[in-house]
Structures are given as C-alpha cells and as structure tokens.
Amino acid sequence: MPAKPDHDKSKPDDAPHYLGHRERLRERFYSAGADALSDYELLEMALFAALPRRDTKPLAKTLIKSFGSFAEVVHAPVARLREVDGVGESAINQLKLIAAAAHRVAKGEVNSRNALSSWNEVIAYCRTSMAFADKEQFRLLFLDKRNQLIADEVQQTGTVDHTPVYPREVIKRALELSATALILVHNHPTTPFTITLGHARYL
C-alpha cells in the first residue's frame, strides 16, 4: 500500500491560513445548517465572495461588535458601514445584496400566503423591510377585500425623525389600485424595531 502524502499537494505550501478555516466553516454550514453558526460566522461566509483574498473573521467580529447582530449589520446605513475599518465597496455591495434578498423573500412569503391574515404577520413583514432604515419611511400596504397584498410602496421618505404625509396622494394611489383596505406604516429609526401601524378599511 502506498504511503499517504504528508499534505495535500493540490494546495501550495504558502496557502493563506484562512483557506482551511473557510472550508471547515462551509462543511459545518452544509452539514449542520445555519443554526449551527453564530452571527459572526454566518457573516464571515457572507463576506467570502466580496473578500476572496482576506481573512473575513476579524472583520465579521468587528461588524457584529459595532452593530449588534447579523440582521443589523446587513441593514446598517452605508455611511456607517464605510466608517468601519476594512469595509470597502465590495463588502458593502455584498451586505446590501443580502438585505435586498431578505426583503424579497419576505415579500414572496406574503405573496405565497396570498393574505396578511394577522397583525403579527404584518409586523413581521414590515420589520424585515424597514426596521433598520436610517430615515423615517411612510409605507403603504394596499390590500383587497380578502386581505391579499396588492402592492407595498414607500410613499415618502423623510429625516431621522420626520416624514411628510400627503393624504391626497395616498387616496389617489389606493383608488388607482382598486384597494379596499390600506395599512399605513412608519418606522422609528431612533428606536430600532419600533413600527407604527394604522389601518383603513373600505376606501
């Protein structure tokens, strides 16, 4: 029986140390699932594509320490992300792609259910799309008579603590979509996860 080689000849002797770590992290992700990874480890993997020749572990830990969680990192304002040492445009693009994907998935889940059947579902949906926004948004969810979501639109974007609302534009848009119910939503950037809801029926 031939002796086993001392090391993998396919990898150069001077290969960066983090390559083995990346492979082990991938194996754990695929074998045990995302729940087996901490927030910073999941963030490490998210940054692999953006930073292919860097050890992403230190940066991932710094981002979690700065913003608090995986969700807060990917939804953090671009200006604040740029303040973190080591975060460039490729990393920012990757993080914002993940945030956009999360919003798209949430929107798709609502569409697949065909209805916002409870306030808890409405709140969960809105948190995914706007809880981490750095400016106040006035968002409109247009529903039909079966509470099916017709459209989700940002009607106005304001400052960190104020956004203007124009009732005429709201009603005009509702009539254009033939909506029979309307949920009015705005966030509170100074208090993450805080969202105010209003509900109008039979417009």
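Which hand does the crossing of helix 2 and helix 3 have, left or right? The legends below take this up after an overview.

**View 1. Overview of the predicted model.** This is a predicted model, in which local features need pLDDT of at least 70, side-chain atom pairs count only at pLDDT 80 or more, and totals for chains, interfaces and linings use all residues. Residues are numbered from 1 along each chain as its sequence is written, and side-chain values use heavy atoms, with hydrogens and water left out. The protein has 8 helices and 4 strands. Helices (H or I, at least four residues) and strands (E, at least two) are DSSP runs, numbered from the N terminus. Along the sequence the pattern reads α-α-α-α-α-α-α-β-β-α-β-β. Of the 203 residues, 33% count as buried. Buried means under 20% relative accessible area, exposed over 50%, and partly exposed in between (1.4 Å probe, protein chains only). Among contacts with a separation of 6 or more, 50% come from residues 24 or more positions apart. Contact means heavy atoms within 4.5 Å.

**View 2. Helix 2 crosses helix 3.** The axes of helix 2 (residues 39-48) and helix 3 (residues 57-67) come within 8 Å and cross at roughly 125 degrees. That angle makes helix 2 oblique to helix 3. Axes are lines fitted to C-alpha atoms, for helices over the stretch in contact, and angles run from 0 to 180 degrees between N-to-C directions. Angles under 35 degrees count as roughly parallel, over 145 as roughly antiparallel, 65 to 115 as roughly perpendicular and the rest as oblique. The crossing is right-handed. Right-handed means that the near helix is turned clockwise from the far one by less than a right angle, and left-handed means anticlockwise. From helix 2, Asp 39, Tyr 40, Leu 43, Glu 44 and Leu 47 take part. They meet Lys 57, Leu 59, Ala 60, Lys 61, Leu 63 and Ile 64 of helix 3. These contact residues divide into 7 nonpolar, no polar and 4 charged. Here Ala, Val, Leu, Ile, Met, Phe, Trp, Tyr, Cys and Pro count as nonpolar, Asp, Glu, Lys and Arg as charged, and the others, Gly among them, as polar.

**View 3. Strand 1 pairs with strand 2 and with strand 3.** Strands 1 and 2 run antiparallel, joined by 7 bridges. Two strands pair if DSSP finds at least two bridges between them. Leu 141 stands opposite Asp 152 in strand 2. Strand 1 also runs antiparallel to strand 3, with 6 bridges. There, Phe 142 stands opposite Leu 182. Strand 3 is largely enclosed by the rest of the structure, because 5 of its 7 residues are buried.

**View 4. Asn 147 and Ser 178 have positive phi values.** Most residues other than glycine have a negative phi. Asn 147 has a phi near 65 degrees. This residue lies in the hairpin of strand 1 and strand 2, which has 5 residues between the strands. Asn 147 is partly exposed, at 26% relative accessible area. Ser 178 has a phi near 60 degrees. Ser 178 sits in the loop between helix 8 (167-177) and strand 3 (181-187). Its relative accessible area is 56%, so Ser 178 is exposed.

**View 5. Leu 177 in helix 8.** Leu 177 counts as partly exposed, at 21% relative accessibility. Beyond its neighbours within four places in sequence, Leu 177 contacts Phe 142, Ile 150, Ala 151 and Glu 153. Leu 177 and Asp 144 are 33 residues apart in sequence, and their C-alpha atoms are 9.2 Å apart in space.
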